[in-house]
Amino acid sequence: MSAEGTLTTTGYIEHHLTNLAVCADSSKVDGVCTGFWTFHLDTLLVSGILGLVVFGLMAKLASKATSGIPSGGQNFVEMVVGLVDQQVRDTFHGKSALVTPLAITIFVWVFVMNAMDLIPVDFLPTALQAATGNHHLPFKFVPTTDPNLTFAMSITVFFIALFMGLKVKGFGHFMHEVFAVPFGLKLAPVNFLFRVVEEVARPISLPLRLFGNMYAGELIFMLIALMGGTAAMSLTGILLPIGHIIAGSIWAIFHILIVALQAFIFMMLTLVYIGQAHDAH
């Protein structure tokens with residue numbers, strides 16, 4: 001927190017919750033991008049690097065996989081793939097070569113992006129600021145605390161589910177479902193309204209659940225970090241360092257469950273949406 005020592009509590013939190021943004025259309029107001037074409041470089045870089053590293057390692061382990069005694073890495077990857085594959089079998093009852101790889105990609109990628117929240121909140125930003133010499137450089141290292149990323153993933157899932165429904169059922173049967181289910185063709189406008197609400201709710205609720213949990217977790221880590229900073233600046237805050245360590249450790253242990261659970265929920269809801277789109281009503 002040394003680089004942030006001159007910041008107020010509010011400034012410290014705002015700094016950590018600010019993305020490194022680039023305005024593609026050069027629209028800035030007081031240094032803040034206001035246009036539609038705004039790219040969050042930190043989200044793009046961290047998510048991209050994590051994806052390349054993790055899936056690159058998985059591909060390397062797969063290329064060296066043996067039928068004999070597996071290595072620790074191969075055993076771990078096989079365990080993850082087996083877990084996801086079983087969930088796919090239990091949830092998705094159709095036949096598609098896309099669903100299992102998609103589920104594995106979502107679970108593993110979301111998990112590693114969430115896991116960035118377990119790194120001490122000031123460690124990576126301070127290291128980056130020291131390397132660049134810019135002590136006011138904003139950079140968020142947890143991609144899933146950026147709603148742009150979670151909504152992008154959710155919209156992708158929405159279009160995949162829509163494509164699966166059209167491909168499996170055909171355009172005629174798909175449109176019949178839209179206008180005839182559940183009350184019959186006589187109430188086609190009502191059925192259509194219900195279908196629109198149902199379809200729109202999915203790509204909204206799915207990303208907000210992931211974003212909300214990870215954003216709240218990151219905010220709590222910042223408040224715990226501020227507890228330690230307050231102890232350093234207060235003569236009466238002798239007990240705060242102890243509370244800082246205890247609270248940080250407890251929340252980190254509990255947050256491991258949140259990191260894994262949110263990745264699992266995002267994957268399972270994706271499978272449910274694709275399965276519902278694939279199955280006949």
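Accessible areas are computed here by the Shrake-Rupley method with a 1.4 Å probe, and for residues only the protein chains shown count as cover.

**View 1. The surface and make-up of the whole protein chain.** This is a predicted model, in which local features need pLDDT of at least 70 and side-chain atom pairs count only at pLDDT 80 or more, while totals for chains, interfaces and linings use all residues. Residues are numbered from 1 along each chain as its sequence is written, and side-chain values use heavy atoms, with hydrogens and water left out. The accessible surface of the protein chain is about 15700 Å², and 73% of that area belongs to carbon and sulfur atoms. The chain has 281 residues, of which 39% are buried, a word that stands for under 20% relative accessible area with a 1.4 Å probe, protein chains only.

**View 2. Helix α4, residues 99-115.** Helices are DSSP runs (H or I, at least four residues) numbered from the N terminus, and strands are runs of E with at least two residues. From its first C-alpha to its last, α4 reaches 24 Å with its 17 residues, close to the 24 Å expected at 1.5 Å a residue, where the expected span is 1.5 Å times one less than the number of residues. This helix is mostly covered, since 12 of its 17 residues are buried, among them V99, L102, F107 and M113.

**View 3. Contacts across the sequence.** With contact taken as heavy atoms within 4.5 Å, 70% of the contacts in the protein chain between residues at least 6 apart in sequence join residues at least 24 apart.

Notes:
Buried means under 20% relative accessible area, exposed over 50%, partly exposed in between (1.4 Å probe, protein chains only).
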